[in-house]
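Trainee: I've just opened this one and I'm new to it. Could you walk me through how to read it?

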Amino acid sequence: MVIQHTDASSTPLRALLGAAARVGRGIRWYMTTLMGDTAYATYVAHHRRHHPDEDPMTERQFWRQRMDDQDRNPGARCC
């Protein structure tokens, strides 16, 4: 017979640390998405799904086109 002892205070602490970790991952995801860090990966995934017979732009070409598009259509950006 194996008796397991659990510290009652460790369970709420683990739950709190788990929740803090989830919040941290959510904030990181939001910031990287907001800043456009995932834009190229999103583009490549879309391109492979919808145009599997064509090669996607290189990352350099993608960012150049994105910056050119933003310069032509500034919209509501701050800078």
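Mentor: Let's go feature by feature, starting with the ground rules. This is a predicted model, where local features need pLDDT of at least 70 and side-chain atom pairs count only at pLDDT 80 or more, while totals for chains, interfaces and linings use all residues. Residues are numbered from 1 along each chain as its sequence is written, and side-chain values use heavy atoms, with hydrogens and water left out.

Trainee: How many helices and strands are there in the protein?

Mentor: Helices (H or I, at least four residues) and strands (E, at least two) are DSSP runs, numbered from the N terminus. Here you get 3 helices and 0 strands, in the order α-α-α from the N terminus on.

Trainee: At what angle do helix α2 and helix α3 pack?

Mentor: Axes are lines fitted to C-alpha atoms, for helices over the stretch in contact, and angles run from 0 to 180 degrees between N-to-C directions. Helix α2 (residues 39–50) meets helix α3 (residues 59–72) at about 110°, with the axes 10 Å apart. That makes α2 roughly perpendicular to α3 (under 35 degrees is roughly parallel, over 145 roughly antiparallel, 65 to 115 roughly perpendicular, the rest oblique). Contact means heavy atoms within 4.5 Å; α2 brings Ala39, Tyr40 and Tyr43, and α3 brings Glu59, Phe62, Trp63 and Arg66.

Trainee: Which residue forms a salt bridge with Asp68?

Mentor: A salt bridge is a side-chain nitrogen of Lys or Arg within 4 Å of a carboxyl oxygen of Asp or Glu. By that rule the count is 2. Asp68 pairs with Arg64, their closest N and O atoms 3.1 Å apart. These two sit 4 residues apart in helix α3, so about one helical turn separates them. The other bridge joins Asp69 and Arg72 at 2.3 Å, N to O.

Trainee: Is Arg72 buried or exposed?

Mentor: Buried means under 20% relative accessible area, exposed over 50%, partly exposed in between (1.4 Å probe, protein chains only). Arg72 has 56%, so Arg72 is exposed, whereas Asp69 is partly exposed at 31%. Of the 79 residues, 10% count as buried.

Trainee: Which residues form a nonpolar patch on the surface?

Mentor: Patches are made of residues with over 30% relative accessible area and no salt bridge: like charges are joined within 9 Å, nonpolar side chains (Val, Leu, Ile, Met, Phe, Trp, Tyr) within 5 Å. Here the members are Val23, Ile27, Trp29, Tyr30, Met31, Leu34 and Met35, with about 800 Å² of accessible area together (Shrake-Rupley method, 1.4 Å probe; for residues, only the protein chains shown count as cover). Met35 lies in helix α1 (residues 10–35) and is exposed at 58%.
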